[in-house]
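Please consider the sequence and the model shown below.

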Amino acid sequence: MSRSQFSRLSLCAAAIGALAITAFVVSPSLAAEDAVIIPAPAVDAQASDGTQTAVIAGGCFWGVQGVFQHTAGVVNAVSGYAGGSKSTADYNIVSTGTTGHAESVQIKYDPKKISYGKILQIFFSVAHDPTQLNRQGPDSGTQYRSAIFTTSDEQKKVADAYIAQLNAAKVYKRPIVTKVGPLEGFYPAEAYHQDYLTLHPNQPYIAFNDIPKVENLKKIFADNYIEKPTLVSSAKVTN
């Protein structure tokens with residue numbers, strides 16, 4: 001079932017009563033994907049000056065963006081598309097699963113406050129399930145694949161080493177299927193997709209699939225969690 005189908009069905013269900021929505025919000029264990037406590041990466045990027053960029057894909061970008069908007073050290077997190085061409089970076093076209101794009105999030109971060117490896121640890125632990133091939137929760141298709149789009153040789157080294165480390169540690173029941181490859185372009189999604197989790201916390205899809213991810217971030221990565229999200233609408237990125 002696609003996210004749009006799930007959303008329509010969920011909105012119908014929402015009309016039955018708000019109590020069900022409330023139950024979703026206060027019960028993180030009902031999330032489509034459970035969080036997994038994993039070790040920190042043994043290999044990490046060196047801290048440097050200025051703002052750095054990470055681009056990741058882990059299913060619906062609403063939830064992934066929401067997680068990193070609540071992560072300390074993140075200057076901005078933007079929902080968008082990566083893996084395809086600029087001409088097809090449109091939600092309706094990407095949703096066909098034929099463009100090569102994945103719903104992705106571009107993360108601008110301060111490497112002196114959070115490392116690239118820590119971003120990947122949060123990504124693999126609470127933001128999505130890296131063992132699901134071309135799907136996440138109720139969403140299926142290559143546009144929902146797990147991927148890391150690297151912007152440097154160092155990022156590729158860290159990502160490849162971390163995936164090997166996690167597979168060797170057998171922290172998941174199945175092998176990680178996350179693809180690692182160079183970023184060839186990132187294209188921001190339409191304005192109505194930005195800050196979606198914060199703007200629509202009671203939307204059934206968000207309440208069931210994504211709010212629990214933020215709650216797991218708060219619980220598992222308490223030192224990296226911030227209560228007030230850093231929204232696209234208010235972010236200030238200098239480079």
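**A helix across the sheet**

Helix 5 (residues 116–127) lies across strand 1 (52–58), strand 3 and strand 6 (146–150), and runs at about 170 degrees to strand 6. The model is a predicted one, in which local features need pLDDT of at least 70 and side-chain atom pairs count only at pLDDT 80 or more, while totals for chains, interfaces and linings use all residues. Residues are numbered from 1 along each chain as its sequence is written, and side-chain values use heavy atoms, with hydrogens and water left out. Helices (H or I, at least four residues) and strands (E, at least two) are DSSP runs numbered from the N terminus. Axes are lines fitted to C-alpha atoms, for helices over the stretch in contact, and angles run from 0 to 180 degrees between N-to-C directions.

Among the buried residues are Tyr 116, Leu 120 and Ala 127. Their cover includes strand 1, helix 3 (61–69), strand 3, strand 6, helix 6 and helix 8, where contact means heavy atoms within 4.5 Å. At the residue Ala 127, the backbone oxygen lies 3.1 Å from a polar atom of the side chain of Lys 213; a polar contact is a pair of N or O atoms within 3.5 Å, and within protein one must be able to donate a hydrogen and the other to accept it, with residues adjacent in sequence counting only if both atoms are side-chain atoms. Lys 213 belongs to helix 8 (residues 204–220) and is buried, with a relative accessible area of 6%.

The sheet itself is open and consists of six strands in the order 7-6-1-3-2-8, with mixed pairing. Strand 7 (179–182) and strand 8 (186–188) stand at the edges with a single partner strand each, so one side of each has no neighbour in the sheet. Two strands pair if DSSP finds at least two bridges between them. Strand 1 and strand 6 run antiparallel and are joined by four bridges, and Gly 58 has Ser 146 as its bridge partner in strand 6. Strand 6 pairs with strand 7 in the parallel sense, over four bridges.

The aromatic pairs number five. Rings of Phe, Tyr and Trp (its six-membered ring) pair if their centres lie within 6.5 Å; planes under 30 degrees apart count as stacked, over 60 as edge-to-face and the rest as tilted. Trp 62 and Tyr 196 have ring centres 3.8 Å apart and planes at 5 degrees, so this pair is stacked. Since Trp 62 lies in helix 3 and Tyr 196 in helix 7 (residues 196–199), the pair ties together parts that are 134 residues apart in sequence. Phe 123 and Phe 124 form a tilted pair, 5.2 Å centre to centre with 50 degrees between the planes.

Notes. Buried < 20%, exposed > 50% of the residue type's maximum accessible area, 1.4 Å probe, protein only.
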